[in-house]
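Subject: A structure for you to explore

Hello,

I am passing a structure on to you, as promised. Please open it next to this email and look for each part as you read.

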Amino acid sequence: MKRPSKLSFLGGISLLLAVGIALILHRHYVYEIPLVHGETQVVWSVEARVEFIAEDGPVTVTMARPTEQAGFTVLRQSGASPGYGLNFIDDIRPRAEWAVRSANGVQKLYYQIDLLESSYAAQPQILAPKLYSTEWQEPYRTAVDSVLNDAFSTSANNFSFARELIKRLNENEAPQHVKLLRRAYNGRLPSLIADILNHANVQATVVYGLELEDGRRRQLLTPLLRVWDGKKSEIFYVDTGLVTENPMLLWEQRGAPVLDVIGGRDSNIRFSMLRREASTYNALAENEPTQDSLLNFSIHSLPVAEQAMFKTILLLPVGALVVCLLRILVGLRTSGTFMPVLIAIAFMQTSLGTGIVGFVLVVALGLIIRGYLSRLNLLLVARISAVIVSVIAIISLFSVLSYKLGLTEGLKIMFFPMVILAWTIERMSILWEEEGGREVMIQGGGSLLTAVIAYGAMQHPMVQHLTFNFMGVQFILMALILLLGSYTGFRLLELHRFAVFRK
Amino acid sequence: MLALMKDFLISPLRLKRLGILGMNKRNRDYIARYNERSLFPLVDNKLITRKTIGQAGIPTAELITVVQVQSQVNDLLALVEDYDEFVIKPSKGSGGKGILVITGRDGESFRKASGVLLSADDLKRHVSNILSGLYSLGGTSDVAVIESLIHTASALTRYSVEGVPDIRVIICRGYPVMAMIRLSTHASDGKANLHQGAVGVGLDMKTGCAVRAVQHGKSVTHHPDTGQDLLDLCIPDWNTLLVMAARCYDVTGLGYLGIDMVIDQRYGPMLLELNARPGLTIQVANNAGLLTRLAKIDRLSESETRLPAEERVRLSQAWY
């Protein structure tokens with residue numbers, strides 16, 4: 001038999017490790033899954049309430065809604081508005097649209113969005129709006145030109161140009177012509193600056209942000225300025241008095257109207273918000289990454305029911321690794337190679353104490369019944385089938401008994417894999433006849449110990465978090481198992497076995 | 001704590017220096033390397049072993065009959081009618097499991113080697129279990145092989161109770177590497193399995209005489225039941241036995257084999273069975289590490305493994 005060279009073997013292992021680590025890092029950085037379990041992240045729940053008076057006819061309400069942006073990832077959104085049809089439209093202008101055939105009187109529409117605060121979320125590119133120009137009458141025209149010239153000469157690009165304009169128009173001791181302009185715009189500086197910038201052939205628009213502060217209600221949006229330089233764009237706080245430490249969510253970031261009501265009047269929009277800390281695990285559980293890239297080996301793209309199943313399946317390699325460790329490095333003997341892993345999975349559902357007591361009870365009783373069956377001189381298949389039936393009978397009996405005694409904990413015994421238990425009983429019974437009770441204790445004890453250690457590893461929240469969220473972990477487990485498979489050193493128990501050589 | 005560990009454990013470095021072979025290394029570097037998977041049925045199935053070995057002229061115990069299907073179980077008594085003593089074995093058994101030795105009859109009953117009486121029904125159940133695959137590797141269905149009983153050479157009978165002492169020779173690439181004899185004791189129920197309490201006696205490669213004896217991994221000097229001085233033990237026909245063992249390599253092509261042989265009073269050395277996964281306790285019985293000896297074999301060229309068996313045995317005896 002030709003064996004691949006040691007070098008290519010180690011190469012393969014390194015490749016597996018590299019792929020595993022790369023996948024983990026990819027998941028970590030792109031989908032922001034934290035590596036450490038229990039790392040909490042901030043989730044903001046923001047509710048927008050739209051109010052207006054309907055004028056007895058068809059109504060269409062269009063509201064801009066926040067999308068992916070620097071600092072925030074959208075987790076989920078929903079709307080509540082009885083009688084209205086609600087659509088979330090995702091085109092160049094992401095918006096929520098309510099519509100109803102006929103409405104009258106005061107109407108209230110609600111929209112709620114959960115956002116994850118995250119430093120990894122990147123700013124998506126936003127296309128610049130078309131340039132427009134404003135026709136100013138004198139003396140405004142001269143004022144604008146004067147401000148423009150001053151700002152232009154002291155700036156290098158569109159962004160510094162915008163900064164200069166903001167500075168000049170914000171000055172308390174401003175020159176006469178600036179005060180004139182401010183008055184003409186009724187203090188709405190962002191619109192004024194956007195108009196001036198467009199006049200100077202710089203693409204800019206007013207966008208709306210929401211300052212997030214825990215527990216605030218009936219909040220208003222803050223107008224901000226977005227300026228483009230080529231494909232890049234930047235957000236500017238125009239009213240310098242508004243700059244805060246609080247995070248700013250861009251509710252509308254493309255220069256579209258925030259609220260547009262057709263068929264109603266006196267409309268307004270108010271916001272309330274709540275901050276909560278959630279472990280990312282929970283926060284992300286319902287956040288399926290929408291980008292269906294091949295690299296997204298996420299179990300989260302499956303329906304919830306399948307996810308739950310996979311959660312257990314993905315833990316199996318951990319159990320297998322534990323078995324490998326205990327057999328190859330320690331030299332523990334178990335009855336049935338991977339039976340302990342299945343027992344460990346049963347323990348996860350029953351809790352450890354109940355599990356061990358249940359396991360020992362079922363196996364002990366099963367051995368007694370098996371002792372009787374062996375006297376009946378049955379064929380093997382029939383005998384094992386009889387043991388399976390007995391195991392089920394024992395388990396049912398225990399369940400009913402513990403229920404009657406008020407020990408609901410005992411009901412969990414139903415989670416045991418019955419066929420596996422039947423085989424275990426059969427094998428231990430043969431072992432007892434062939435090699436005596438001592439060997440049964442050694443192998444039974446070994447199995448139980450392995451099961452407990454595998455249980456310990458598999459129910460650890462950190463392990464569950466890693467295996468469930470990072471497919472890359474499977475590659476690393478594979479590499480470790482392969483490495484163990486090539487270990488030719490002594491087992492721990494051999495050090496005892498060969499202790500006679502000590503002298 | 002550390003002192004306590006010192007009593008129970010030996011340092012792995014020390015073991016390595018002594019050239020002790022561990023289970024992991026045996027599995028990977030010897031069994032997996034020298035024993036081709038496709039050849040395993042040759043040793044795992046005693047019927048096939050018997051046929052292959054028989055064709056090469058290596059003597060084995062006389063075959064009485066083979067029970068192939070459950071319906072034959074009822075005719076069992078008729079099949080063994082002419083025999084008072086016989087051995088029932090599962091063809092694919094391992095580790096001596098499922099071997100039943102009958103040494104006589106007592107009316108309707110059969111007497112086991114230990115003296116325990118078995119009814120005809122017990123016997124039938126045992127055969128039926130064998131056919132169901134209870135003792136076979138992986139639980140696959142099996143056949144029961146019934147052979148005539150071997151009578152141990154008188155030179156060895158006093159060293160063993162209730163069972164046939166068998167001689168285990170490790171053959172690597174055709175060269176005998178290490179040998180021991182396993183003596184059954186009352187504790188081992190007539191079975192020659194070391195972990196069941198049989199005594200293992202290491203044998204000198206040149207002379208076939210005892211080097212050291214162990215039971216339950218501890219050094220002993222006398223047989224626990226017969227009180228015989230074990231270190232006096234010498235195997236008759238030693239060279240014939242070694243050559244026979246070495247030839248099993250040529251016949252099977254398996255590079256790492258444990259060969260179990262017995263010495264029959266009338267026929268001399270006979271092959272009992274082959275084992276593709278021989279245990280490691282032989283090292284304890286010989287007070288020597290297998291690895292040191294195997295290292296020499298690993299370096300041999302392909303052509304050296306094809307030397308005549310007699311020549312290989314001579315070389316081994318010179319080395320070890």
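This is a predicted model: local features need pLDDT of at least 70, side-chain atom pairs count only at pLDDT 80 or more; totals for chains, interfaces and linings use all residues.

**Two helix pairs in chain A**

Start with helix α1 (residues 6–30) and helix α15 (residues 472–485) of chain A, whose axes come within 7 Å and cross at roughly 160°. That angle is over 145°, the cut-off for this class, so α1(A) is roughly antiparallel to α15(A). Their crossing is left-handed. On the α1(A) side, the residues that meet α15(A) include A:Ile13, A:Leu16 and A:Leu17; among those they meet in α15(A) are A:Phe475, A:Ile476 and A:Leu482. The residues of this contact divide into 15 nonpolar, two polar and one charged.

Now go to helix α10 (residues 352–375) and helix α11 (residues 380–404) of chain A. Their axes come within 10 Å and cross at roughly 135°, and α10(A) and α11(A) are therefore oblique to each other. The crossing of α10(A) and α11(A) is right-handed. From α10(A), the contact includes A:Leu361, A:Leu365 and A:Ile369, and from α11(A) it includes A:Val387, A:Ile394 and A:Phe398. By class, the residues of this contact are 11 nonpolar, three polar and two charged.

**Where the chains touch**

How many residues does the contact take from chain A and from chain B? It takes 25 residues from chain A and 28 residues from chain B. On the side of chain A that touches chain B, α11, α12 (418–435) and α16 (492–497) each supply at least two residues. The largest share, four residues, comes from α16(A). That side of chain A has 13 nonpolar, six polar and six charged residues.

**A sheet in chain B**

Seven strands of chain B form an open sheet in the order β11-β10-β9-β8-β7-β12-β13, and the pairing is antiparallel. β11 (218–220) and β13 (268–275) stand at the edges with a single partner strand each, so one side of each is left without a neighbour in the sheet. On average, and ignoring direction, neighbouring strands of this sheet are turned by 30° against each other.

Is it enclosed or open to the outside? Five of its five residues are buried, so β9(B) is largely enclosed by the rest of the structure. In a regular strand the side chains alternate between the two faces of the sheet. In β9(B), B:Val199, B:Val201 and B:Leu203 lie on one side and B:Gly200 and B:Gly202 on the other, and both faces are covered.

Five bridges join β9(B) to strand β8 (residues 175–183) of chain B, with B:Gly200 as the bridge partner of B:Arg182. Five bridges also join β9(B) to strand β10 (residues 210–215) of chain B, where B:Gly202 has B:Arg212 as its bridge partner. β9(B) and β10(B) form a hairpin with six residues between them, and B:Gly208 in the turn has a positive phi of about 75°.

Elsewhere in the sheet, strand β7 (residues 166–172) and strand β12 (residues 256–264) of chain B pair over six bridges, and B:Ile171 stands opposite B:Leu257 in β12(B). Helix α11 (residues 290–298) of chain B packs on the sheet, touching β7 and β8 of chain B.

Enjoy looking around!

Best wishes

Technical notes. Residues are numbered from 1 along each chain as its sequence is written. Chains are lettered from A and ligands numbered from 1 in the order in which they are written. Axes are lines fitted to C-alpha atoms, for helices over the stretch in contact, and angles run from 0 to 180 degrees between N-to-C directions. Angles under 35 degrees count as roughly parallel, over 145 as roughly antiparallel, 65 to 115 as roughly perpendicular and the rest as oblique. A crossing is left-handed if the near helix is turned anticlockwise from the far one by less than a right angle, and right-handed if clockwise. Two residues are in contact if their C-beta atoms, placed from the backbone, lie within 7 Å. Ala, Val, Leu, Ile, Met, Phe, Trp, Tyr, Cys and Pro count as nonpolar, Asp, Glu, Lys and Arg as charged, and the others, Gly among them, as polar. A residue is buried if 20 or more other C-beta atoms lie within 10 Å of its own, exposed if 12 or fewer, and partly exposed in between; C-beta atoms are placed from the backbone. Two strands pair if DSSP finds at least two bridges between them.
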